[in-house]
Amino acid sequence: MSRPMGPRPFRFGVNLMTAAPADEWRAKCRRAEELGYDVILVPDHLGMPAPFPALVAAAEATERPRLGTFVLNAGFWNPALLAREVATTDALTGGRLELGLGAGYVQAEHDTAGLPFGTPRERVDHLRRTVEELGRLLVAESYQPQPTQQPRVPLLVGGNGDRVLRLTAEHADIAAFGGAYPDPKSSTGRLLPVTAEQLDERVARYRRFAADRPEPAELNLLLQMVTVTEDREAVIQPLLDRVPELTLEQALALPIIMTGTLDQITAQVLAQRERYGFSYLTVLEPYMEAFAPVMAGLRGKQPSG
């Protein structure tokens, strides 16, 4: 059985989604480091920066933050070629890489790339093959190039479905939960929010799958909005217009929405660590500055011991 433990210390990541020339990219990464982010992350979508060269450039501009993919679309990658990218990037970043993988959810990107999208089962099957093949290749003493981190580059797996959660429980150092899920009627990746109660059920399901782990994984949540405000209802109204199925009360309780005063947001983060176990939070690039004072406040509220 996995050993019991108290709350983990917080870690904070920022997902940099907007491409920029070299000087601007490096300045943005340095700013993330100055603000106190622990991890600089890059997603894997067409129209956004290519993950691995962007992370190498981030490493050259910074000293402290870890560097991660959040998350690679496994359907874009051949496992053997991906292993080469991972090992080389880990070496070039001085062993600061964290590898995030997911099954992919945007059919339009696969269509543009001329790649099969497949069924959800097929995409998760490919994700499993990718995780298992990377695990085999990157720990082999004979594998070249060798990653810097041993015994392996930390692995994050993202997703909420049962089969992905089972895979995460078996293999991942970091379990990343989506606070939103793809609209089954959309081919462009439109997301619908996961309610607090739905997330309770998903985290509980993961914990059952992970009950026999020797060490518990770190739990991550991607925040979709961070807004410091005195008028929470005004901030949340555009979401209600887009997702009329939500009530105002439900919208304000969404785990992925952080809106209110600094004290209210800080209390929400602490409550969610207590309720779900989320100690590693990722924010989207547009909210990098807004979340910084929240991080500063939370640094003094780390668990003791």
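Val124 is buried, with a relative accessible area of 13%; buried here means under 20% relative accessible area, exposed over 50%, and partly exposed anything in between, using a 1.4 Å probe and protein chains only. This is a predicted model, where local features need pLDDT of at least 70 and side-chain atom pairs count only at pLDDT 80 or more, while totals for chains, interfaces and linings use all residues. Residues are numbered from 1 along each chain as its sequence is written, and side-chain values use heavy atoms, with hydrogens and water left out.

Back to Val124, which sits in helix 5 (residues 120-138). Helices (H or I, at least four residues) and strands (E, at least two) are DSSP runs, numbered from the N terminus. Setting aside neighbours within four places in sequence, Val124 is in contact with Ala103, Arg163 and Val164, contact being heavy atoms within 4.5 Å. Arg163 is 39 residues away along the chain from Val124, yet their C-alpha atoms are separated by 7.2 Å.

Now for the core. The largest nonpolar core has 84 residues, and those with the most contacts inside it are Tyr37, Leu101, Leu127, Phe177, Tyr206, Phe278 and Phe291. Such a core is a set of buried Ala, Val, Leu, Ile, Met, Phe, Trp, Tyr and Cys residues joined through side-chain atoms within 4.5 Å.

Helix 2 is worth a look of its own. Because 9 of its 11 residues are buried, helix 2 is largely enclosed by the rest of the structure. Among the buried ones are Pro51, Phe52, Leu55 and Val56. The cover over them includes helix 1, strand 2 (39-42), strand 3 (66-69), strand 4 (72-73), helix 3 (79-92) and strand 5 (97-102).

Over at helix 11 (residues 288-299), 12 residues reach 16 Å from first C-alpha to last, close to the 16 Å expected at 1.5 Å a residue; the expected span is 1.5 Å times one less than the number of residues. Met288, Phe291, Ala292, Val294, Met295 and Leu298 are buried in helix 11. An α-helix has 3.6 residues a turn, so residues three or four places apart point the same way. The buried residues of helix 11 pack against strand 1 (11-15), helix 1 (22-35), strand 10 (218-223), strand 11 (225-228), helix 10 (262-276) and strand 13. Phe291 itself is in contact with Phe12, Tyr37, Leu223, Val226, Leu281 and Val283, leaving aside neighbours within four places in sequence.

Strand 13 (residues 278-284) holds Ser279, which is buried with a relative accessible area of 0%. Beyond four places in sequence, the contacts of Ser279 include Arg8, Phe10, Glu218 and Arg273.

Next, a helix pair: the axes of helix 6 (residues 162-171) and helix 7 (residues 196-209) come within 9 Å and cross at roughly 45°. Residues making the contact include Leu165 and Arg166 of helix 6, plus Tyr206 and Phe209 of helix 7.

| Bond | Omega |
|---|---|
| Phe70 and Val71 | about -15° |
| Gln144 and Pro145 | about 0° |

Val71 is in the loop between strand 3 and strand 4, and Pro145 is in the loop between helix 5 and strand 6 (155-158).

Notes. Axes are lines fitted to C-alpha atoms, for helices over the stretch in contact, and angles run from 0 to 180 degrees between N-to-C directions.
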